[in-house]
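Here is a quick tour of a protein fold, written for someone meeting one up close. Have a look at the model first, then follow the notes below.

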Amino acid sequence: MAGIELIDVHKYYQVDGRELKVLDGLCLKVPERQITVVLGQSGCGKTTLLRLVGGLENADSGEIRWEGGRKAAFVFQEPRLMPWLNVWSNVVFGLRCREIVQTRIQDIIHTVGLEGFERAYPSQLSGGMQQRVALARALACEPSFIMMDEPFAALDHFTREQMQRELLRVRETQGSSILFVTHSVDEALVLGDKIVVIEKGRVKAEYPVPLSAKDRNLLDEEMIALKKEIINDLNFAK
């Protein structure tokens, strides 16, 4: 499995002839076999952080250290499925033939709750089921690290809760390290082993979540107090 450490990472973009600072000396440790959730207001650098960790872009300065395996996968807000391919073909899309082990792919489809829908096409699936396909596709490459950019934001409340439970089950069975971006404090509290608040391209605060996922109740006093702290940090950035 993999952990990641970001050390004094800077990233700039050129916008209308001026330099826009997105990440400003960001330092962060992402532990292995845990879900690290990143919160922050729009434009604070959350998605840029994912893109740098995933190698889609390069930092202007600083260092990103990988500990352990470096095989990474993305799950985006939109499922980004191939509409002409069925569930099975979407899951194995991008894999080399020698990587496709029928029983392993079937196990992954079972893990995300899509057994029986292997031959269905995206147009025949609900939004939540399409997102399950996207998660299965990420798992199919056997990643040591998964980056997730608001993957459940477009889902209705009940489907979102179901997908959160599925993700926790996947983490438990697969053991991957996960870096998860969201705007929802409740989602962060449900999923995160560690919650990170980013403000203006820097880590403003980090919160370890004291309870295991199966023992969390968002109405418990301890969780309510933690939620208030996090919201205070997020509001302070306005």
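In this predicted model, A72 stands opposite F145 in β6. That pair belongs to β5 and β6, two parallel strands joined by four bridges. Two strands pair here if DSSP finds at least two bridges between them. Strands (E, at least two residues) and helices (H or I, at least four) are DSSP runs, numbered from the N terminus.

A word on the ground rules. Residues are numbered from 1 along each chain as its sequence is written. Because the model is predicted, local features need pLDDT of at least 70 and side-chain atom pairs count only at pLDDT 80 or more, while totals for chains, interfaces and linings use all residues; side-chain values use heavy atoms, with hydrogens and water left out.

**The sheet**

- Six strands make an open sheet with mixed pairing, in the order β5-β6-β7-β3-β8-β9.
- β5 and β9 (202-208) sit at the edges, and each pairs on one side only.
- On average, neighbouring strands of this sheet are turned by 20° against each other, direction ignored.
- β3 (residues 35-39) and β8 (residues 194-199) run parallel and are joined by four bridges; V37 has I195 in β8 as its bridge partner.

**Strand β6**

- How much of β6 is tucked away? Five of the five residues of β6 are buried, so this strand is largely enclosed by the rest of the structure. Buried means under 20% relative accessible area, exposed means over 50%, and partly exposed is in between (1.4 Å probe, protein chains only).
- In a regular strand, side chains alternate between the two faces of the sheet.
- In β6, F145, M147 and D149 point one way, while I146 and M148 point the other way.
- β6 also pairs with β7, in the parallel sense over five bridges, and I146 has I178 in β7 as its bridge partner.

**Helix α4**

- 12 of the 14 residues of α4 are buried, so the helix is largely enclosed by the rest of the structure; among them are G128, M129 and Q131.
- The cover over those buried residues includes β5 (72-75), α2 (87-92), α3 (102-111), β6 (145-149) and α5 (157-174).
- α4 packs on the sheet, touching β5 and β6 (contact means heavy atoms within 4.5 Å), and its direction makes about 170° with that of β5. Axes are lines fitted to C-alpha atoms, for helices over the stretch in contact, and angles run from 0 to 180 degrees between N-to-C directions.
- Just after α4, E142 takes a positive phi of about 55°.

**Helix α5**

- α5 lies across β3, β6 and β7 (177-181), at about 155° to β7.
- Within α5 you'll find T159, which counts as buried at 17% relative accessibility.
- The side chain of T159 makes a polar contact with the side chain of D156 (2.7 Å). A polar contact is a pair of N or O atoms within 3.5 Å; within protein, one must be able to donate a hydrogen and the other to accept it, and residues adjacent in sequence count only if both atoms are side-chain atoms.

**Two loop residues**

- E150, in the loop between β6 and α5, has a positive phi near 45° and counts as buried at 16% relative accessibility.
- K200, in the loop between β8 and β9, has a positive phi of about 50° and counts as exposed at 65% relative accessibility.
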